[in-house]
Amino acid sequence: MKITTQNFTFGVILGALLTTSAFASIAERTDEINGVKLESGKVDSIRFYKGTVTKTYPYSIDQVRASVMNFDERCNNEFKSKREFSDKKKDCLFHNDNLVESIVIKDIAHNYTKEENETERFVVARRVYNRGTFSYNEIVKVFEYKNDENQKVVKIDQIMMDDKETKTYTKPLVSKDTAFDSTTGTFVLTQVGPSETKLEYSYNSETTHWILNKEVSVSQVFSSISKSLNDLLEVVEKESSNYSRDIASK
């Protein structure tokens with residue numbers, strides 16, 4: 001039986017549902033596929049998935065950051081006709097298998113308290129197609145700070161919101177309709193040198209979906225997460241390279 005798992009690609013999604021130690025205590029399956037470390041565990045009817053990957057790029061931290069945050073330039077151009085909120089004639093620069101469109105909403109209500117080192121916060125509405133149309137809203141939070149080695153660090157969190165939370169920021173363009181109860185992810189970019197940046201990405205999700213929370217589904221979900229995270233690394237590589245060429249030509 002083939003299991004449809006919806007979109008794992010970047011966008012997909014950032015943060016941490018559980019601390020590392022808490023997740024490790026319930027992880028019953030672990031694997032590593034094409035450099036992506038994978039874990040899964042289950043508590044009652046909730047199954048947890050986690051994927052982590054690391055890569056160092058020969059680009060500045062500003063270039064890699066711009067690449068990571070280029071949300072509205074990633075989609076599947078074959079799904080142009082399915083777009084509802086973005087230009088149906090526009091060609092996205094970078095391919096994402098399941099993504100119909102991402103709408104960045106920076107004009108949000110500011111009735112929140114900034115977290116420590118937070119520099120920016122905005123909403124991204126996403127529509128996905130995978131044998132059906134799905135949608136969700138994310139809150140994106142950006143942080144900047146120095147680590148213990150005095151290296152510049154940029155952390156970018158994407159966290160799926162329910163409709164009630166989305167309404168505290170903006171009038172939702174889409175409603176939450178996915179097979180996952182929660183999804184988060186975190187990019188941590190560390191400036192190793194003027195033209196060298198280490199990227200660490202962690203994806204986490206929870207699901208009570210009647211198929212996806214079964215043990216028999218874990219291997220296929222692991223494979224999907226691995227592919228999506230490696231696709232993400234490739235997109236960041238391409239985008240950062242483009243920024244590098246643009247800078248060199250000026």
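A salt bridge here is a side-chain nitrogen of Lys or Arg within 4 Å of a carboxyl oxygen of Asp or Glu, and the structure holds 21 of them. This is a predicted model, where local features need pLDDT of at least 70, side-chain atom pairs count only at pLDDT 80 or more, and totals for chains, interfaces and linings use all residues. Residues are numbered from 1 along each chain as its sequence is written, and side-chain values use heavy atoms, with hydrogens and water left out.

**View 1. E28 meets R47 in a salt bridge.** Their N to O distance is 3.0 Å. E28 sits in strand 1 (residues 27-33) and R47 in strand 3 (residues 46-57), so the pair ties together parts 19 residues apart in sequence; strands are DSSP runs of E, at least two residues, and helices are runs of H or I, at least four, numbered from the N terminus. E28 is partly exposed at 43% relative accessible area, whereas R47 is buried at 2% (buried is under 20%, exposed over 50%, partly exposed in between, with a 1.4 Å probe and protein chains only).

**View 2. E120 pairs with R65.** Here the N to O distance of the salt bridge is 3.8 Å. E120 belongs to strand 7 (residues 118-129) and R65 to helix 2 (residues 61-68), so this pair links parts 55 residues apart in sequence. R65 is buried, at 17%.

**View 3. E115 forms a salt bridge with R121.** The closest N and O atoms are 3.8 Å apart. E115 is partly exposed at 36%, while R121 is buried at 9%.
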